[in-house]
Amino acid sequence: MTKPPTSRALLRDNDRPVRSRPRKPRNPAQPNLPLDPMPDRIVPCLALLKPKPPKGPQWNFEVKWDGYRLAVHIEPKGVRILTRGGHDWTDRFPAIKQAALWLPVGTAILDGEAVVLDEQGRSDFGLLQQSLGGRGGEKMSSDAIFMAFDLLYFDGHDLRNSELGMRRHLLEDLVPAGGQGDIRLSEEIEADGDQLLANACEHGLEGIIAKDRNSAYRSGRLGDWLKIKCVQSESFFIVGYERSVAARAQIGSLLLAGRRGDELVYVGSVGTGFKESEAWRLRGMMDRIRRTTPAIHYVGRRKDLVWLQPTLIAEIEYRAWIGDGKLRHASYKGLREVQDNAAVYDVSQRIAIET
């Protein structure tokens, strides 16, 4: 397995090396605390998108991983691996399951991301999907590793009300930095956020995550965690496609929609990013969900359009939004899984993010 980029590789200023925050020594006289019941499932804390890194000493930084968010439950009866939507994918990640069984802990819940690394050690969402057999596939992935970035339950104690700094301290004892197994630590990086983002983008990474080290673990997208991306990437409905006899699988471009409340809003199209095999696979799925009228209000000039039921969710990479509310330089990355609980982009977020 290729080693991911090290923290030190992200910054080139040798006078200010990047390193994980030093761990404090444990207190051997810890009190005996009552045991907490182990949660059956924890709705994950999600990162809020921001245009630039935050300032202040309370912020920790990590690499943003491009994969599937998972919770690894180490329980008395064995290991369960749950997706963000609460679906059991234990059997699809056998290597991660085995690595969890080897961890020196009786019970635990680890929060993290399943990723597949490319030759440069960068997480690649397309490679992860390929290893799982594509959207709707049932393959087991032997290539995926688990990048652990939080510890929510540890040997009978619910840690959600503890500060992030304490949770990380315990996590780093359980999953030491620098490991090369199928469960690895997503290391904290001590650096200036703007400089770190610039270097992450230079190395072709998706972006960085900022976390308030004083925060408890709160489910939802509440601002304790922030994501700052090099290239924007969000999920959109595929609501139709433009036919072209010259294009692979006769797909000239896919028509995309975000949401505004209960309404679907057209956000433009994408005609690049999918290989021929992916195009034919998409065409087979789209042929089964055709409809005669559009699910969006559409006043464009495109011809020979095929309208679809808004059930397929695509991950789309783009550079910016243009003035009329359309995506600029969009590129297709892959289809999101229903089990991954992918949230279709809310176009009303644009104003909040840009301000």
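Arg 92 is positioned over the face of Trp 89, 4.5 Å from the ring centre. The model is predicted. Across the whole structure, a search returns 13 aromatic pairs and 1 disulfide.

**Trp 89 and its aromatic surroundings**

- Trp 89 and Phe 93 make a tilted pair, because their ring centres are 6.2 Å apart and their planes meet at 35 degrees.
- Trp 89 is buried, with a relative accessible area of 5%, and Phe 93 is likewise buried, at 0%.
- One aromatic cluster is formed by Tyr 68, Trp 89, Phe 93 and Phe 125.

**The pair of Phe 236 and Tyr 345**

- Phe 236 and Tyr 345 form a tilted aromatic pair, with 5.7 Å from centre to centre and 55 degrees between the planes.
- Phe 236 belongs to strand β11, whereas Tyr 345 lies in the loop between β19 (331-335) and α7 (349-354), so this pair ties together parts that are 109 residues apart in sequence.
- Phe 236 and Tyr 345 are both buried.

- Lys 211 places its charged end over the ring of Trp 225, at 3.9 Å from the centre.

**Cysteines**

- The disulfide joins Cys 201 and Cys 230, whose sulfur atoms are 2.1 Å apart.
- The torsion about the S-S bond of Cys 201 and Cys 230 is about -95 degrees, so the disulfide is left-handed.
- Cys 201 is in helix α5 (residues 193-202) and Cys 230 in the loop between β10 (225-229) and β11 (232-243), so the bond ties together parts that are 29 residues apart in sequence.
- Cys 201 is partly exposed at 33% relative accessibility, as is Cys 230 at 23%.
- Cys 45 is buried, with a relative accessible area of 3%.

How values were computed. Residues are numbered from 1 along each chain as its sequence is written. This is a predicted model: local features need pLDDT of at least 70, side-chain atom pairs count only at pLDDT 80 or more; totals for chains, interfaces and linings use all residues. Side-chain values use heavy atoms; hydrogens and water are left out. A disulfide is a pair of cysteine sulfur atoms within 2.5 Å. Helices (H or I, at least four residues) and strands (E, at least two) are DSSP runs, numbered from the N terminus. Buried means under 20% relative accessible area, exposed over 50%, partly exposed in between (1.4 Å probe, protein chains only). Rings of Phe, Tyr and Trp (its six-membered ring) pair if their centres lie within 6.5 Å; planes under 30 degrees apart count as stacked, over 60 as edge-to-face and the rest as tilted. A charge sits over a ring if NZ of Lys or CZ of Arg is within 6 Å of the ring centre and within 35 degrees of the ring normal.
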